[in-house]
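Here is a short briefing to read alongside the structure.

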Amino acid sequence: MAMVRKIWRMPLPALLLTLLVGCVNFSYQGEEFAPTENVSVFYSASEVPADFAVIGKARASGNYSEVTNDQLVDKLIEEAKSKGADGVLITQTQVKPEEEDSALTQEDAREVFPNNSAENTGWNTLLADFGGGYGSVNDSDSGWSKTYIRIIRADFLRKQPAAKP
């Protein structure tokens with residue numbers, strides 16, 4: 001009974017965040033180091049300091065109607081800290097049908113918002129596909145339904161030690 005009481009004493013925002021982040025899928029391929037406490041987020045390779053190197057590739061995803069891009073980035077930051085990264089470079093942001101989903105591969109991916117650009121012509125396609133359905137497209141006559149997912153791919157970065165003279 002004491003365990004149940006401790007859970008209910010958890011601050012409400014922390015409990016809600018735990019429940020929401022639980023809907024995020026995460027995968028990683030790369031090196032791991034001792035955990036870090038501070039992680040910088042970069043949205044362009046030109047922003048990354050020269051002394052940072054890629055240590056791995058990560059992917060966070062979730063149902064479009066249940067997960068925001070901010071929640072996906074938060075998950076990437078949390079995981080980057082646990083892998084010993086000092087930075088996260090967002091390399092791709094996508095929205096695509098769930099059945100087209102495939103882990104860390106992006107060769108077959110249909111980009112809708114590459115590099116956070118809503119100016120892509122895919123924006124009009126996305127709006128037409130969704131039709132106000134908030135993450136799913138339904139055809140009530142045929143019983144057909146399509147669910148969309150958000151995907152963010154990123155490189156995990158680690159600051160390299162300065163070269164000794």
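Contact here means heavy atoms within 4.5 Å. With that in mind, asparagine 63 touches Thr147, Tyr148 and Ile149, leaving aside residues up to four places away in sequence. Please keep in mind that this is a predicted model, with a mean pLDDT of 76 for the chain.

**Confidence along the chain**

- A pLDDT of 70 or more is reached by 59% of the residues.
- Among the elements of the chain, strand β2 (residues 40-42) has the highest mean pLDDT, at 98, and helix α1 (residues 2-8) has the lowest, at 43.
- Residues 1-10 have pLDDT below 50, and this stretch has one contact in the model beyond near neighbours in sequence.
- Over residues 103-124 the pLDDT also stays under 50, and here the model has 41 contacts beyond four places in sequence.
- Where pLDDT is low, the predicted coordinates should not be read in detail.

**Nonpolar cores**

- The largest nonpolar core is made of 18 residues. Leu72, Leu76, Ala80, Val88, Ile90, Ile152 and Phe156 are those with the most contacts inside it.
- Two or more residues of this core come from each of β3, α3 (69-83), β4 (87-97) and β6 (144-159).
- The element that gives the most to this core is α3, with five residues.
- Another core, of five residues, lies apart from the largest one; Val48, Phe52, Leu89 and Leu157 are among its members.

**Arginine 59 in strand β3**

- Arginine 59 is part of strand β3, which covers residues 52-63.
- Is arginine 59 buried or exposed? It counts as buried, because its relative accessibility is 5% and the cut-off for buried is under 20%.
- The side chain of arginine 59 makes a polar contact of 3.3 Å with the side chain of serine 61.

**Asparagine 63 in strand β3**

- Asparagine 63 also lies in strand β3.
- With a relative accessible area of 19%, asparagine 63 is buried, since buried means under 20%.
- How far apart in space are asparagine 63 and threonine 147, C-alpha to C-alpha? The distance is 7.6 Å, although the two residues are 84 residues apart in sequence. Thr147 is also one of the residues that asparagine 63 touches.
- The side chains of asparagine 63 and serine 65 are joined by a polar contact of 2.7 Å.

Technical notes. Residues numbered from 1 in each chain as written. Predicted model: local features only at pLDDT ≥ 70, side-chain atom pairs only at ≥ 80, totals over all residues. Heavy atoms only, no water. Helix = DSSP H or I, 4+ residues; strand = E, 2+ residues; numbered from the N terminus. Buried < 20%, exposed > 50% of the residue type's maximum accessible area, 1.4 Å probe, protein only. Polar contact = N/O pair within 3.5 Å; in protein donor to acceptor, adjacent residues only side chain to side chain. Core = buried A, V, L, I, M, F, W, Y, C linked by side-chain atoms within 4.5 Å. pLDDT = per-residue confidence, 0-100.
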